[in-house]
Amino acid sequence: MEFSLTEEHIMIQKAARDFAIASCLPGVIERDEMQIFPKEQVGQLADLGFLGMMVDESWGGAGLDTISYVIAMEEISKVDASTSVCMSVNNSLVCWGLEEYGNDFQKHKYLKPLAAGKKNNELYIGAFLLSEPEAGSDATSQHTTAEDNGDYFLMNGTKNWITNGSSASVYLVMAQTDAAKGSKGINTFIVEKNTEGITIGAKENKMGIRGSDTHSISFVDVKVPKENLIGTDGFGFQFAMKTLAGGRIGIASQALGIASGAYERSVAYAKQRRTFGKEIGQHQAIQFKLADMATRIEAARLLCFKAAWEKDHHLDYTVSSSMAKVFASETAMWVTTEAVQIHGGYGYVKEYHVERLMRDAKITQIYEGTSEVQRIVIGRSVLK
Ligand code: CAA
């Protein structure tokens with residue numbers, strides 16, 4: 001067993017940290033307040049090779065391991081979770097699935113520019129369209145349909161809560177092609193955003209990750225070319241589940257970063273703020289909070305690394321990724337709440353960042369499978 005990072009991992013950590021401080025920190029409060037999509041920052045992620053980190057170099061990616069991805073996600077999420085969620089969705093939910101299950105035509109046409117994050121010098125990212133108004137946790141209840149019309153599939157339906165909804169150029173859409181077959185009648189399609197019949201709803205006015213653009217997207221008689229079906233007929237639900245297993249490592253790392261960001265700010269504050277004649281860190285009430293934060297964050301980090309290590313070693317990482325996600329996201333919620341408490345009144349105002357981190361933490365317990373869904377996945381495996 002080896003716990004130390006390699007030289008390459010340390011370099012990636014430094015690059016991600018430098019990027020977060022130099023490019024994400026300036027304006028992060030305003031972007032949150034005004035719900036501004038971090039277009040410039042996501043463009044810089046593309047230049048750093050962070051939008052297709054794990055994609056093989058032959059397909060335009062950086063060819064790095066999943067541990068590197070966890071490290072980079074943690075560093076960026078410490079500062080700006082609205083930027084890191086775009087990175088996570090593009091890496092895990094879009095590029096990974098295309099590389100693993102797409103054919104060469106699909107990889108040439110879509111994976112290459114998506115892994116680079118740019119096409120013709122313009123931002124080129126993807127989105128993952130599984131959730132619907134009546135299919136969130138109950139993901140097999142897909143109402144969006146894709147009817148086989150011979151030359152193309154005709155798609156109709158509405159998707160909800162789509163990260164990168166308006167900024168993405170390419171959507172991976174799950175739809176029902178044969179309702180009688182249940183989950184085996186679901187397929188995944190590559191759909192270009194500018195296809196006729198697609199309408200993007202208003203940007204959701206969210207509690208946290210307010211910079212990221214979350215939209216509903218509706219499809220009315222959208223013609224999807226036959227060659228844009230991913231994998232064999234009926235593979236769509238499995239595709240979604242396998243893709244989400246990796247996505248959950250990304251969101252676990254995002255939660256880890258949000259927690260670490262709040263913790264680092266709390267340690268700095270505890271050394272600077274004085275009450276009753278000493279630094280507040282010298283009061284045991286605060287010291288114990290910091291000790292518990294540090295311990296839970298370390299445990300969350302180890303779970304993220306374990307899931308990433310299993311993925312890199314081609315082992316089944318479904319359960320470890322759910323464990324990492326449920327633990328890291330609950331850690332993030334707890335740590336950020338305690339961080340606000342440590343900061344007292346200052347924690348409740350925007351300038352000190354911890355209230356934003358607390359709002360951002362909440363979504364990590366909800367998206368890419370709620371904490372309850374993660375417990376379903378873990379519980380079923382325990383009882384198997
Ligand atoms: N790998 C491969 N196949 C899998 C699988 C996996 N990990 N999990 C399930 N399947 C298969 C099952 O074996 C089953 O096939 P059989 O019928 O042949 O046995 C089929 O898929 C249906 O599975 P279940 O019977 O387990 O389905 P279920 O209805 O009980 O649901 C669930 C299981 C775990 C709750 C699943 O529905 C789920 O994960 N829900 C949450 C969905 C989710 O995470 N949504 C996030 C949206 S994306 C997002 O948030 C992105 C963003 O923008 C940031």
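1. Glutamate 338 pairs with lysine 289 in a salt bridge, with 3.1 Å between the closest N and O atoms. A salt bridge here is a side-chain nitrogen of Lys or Arg within 4 Å of a carboxyl oxygen of Asp or Glu. Glutamate 338 sits in helix α9 (residues 318-343) and lysine 289 in helix α8 (residues 284-312), so the pair ties together parts 49 residues apart in sequence. Helices are DSSP runs (H or I, at least four residues), strands likewise (E, at least two), numbered from the N terminus. Glutamate 338 is buried, at 15% relative accessible area. Buried means under 20%, exposed over 50%, partly exposed in between (1.4 Å probe, protein chains only).

2. On provenance: this is a predicted model, where local features need pLDDT of at least 70, side-chain atom pairs count only at pLDDT 80 or more, and totals for chains, interfaces and linings use all residues. Numbering starts from 1 along each chain as its sequence is written, and side-chain values use heavy atoms, leaving out hydrogens and water.

3. The structure holds 19 salt bridges. One of them joins lysine 226 and aspartate 148 (2.8 Å, N to O). Lysine 226 is in the loop between β9 (214-225) and β10 (229-230), aspartate 148 in strand β4 (residues 145-148), 78 residues apart. Lysine 226 is partly exposed at 30% relative accessibility; aspartate 148 is partly exposed at 48%.

4. Glutamate 355 and arginine 359 form a salt bridge, closest N and O atoms 2.9 Å apart. Both lie in helix α10 (residues 354-364), four residues apart, about one turn of the helix.
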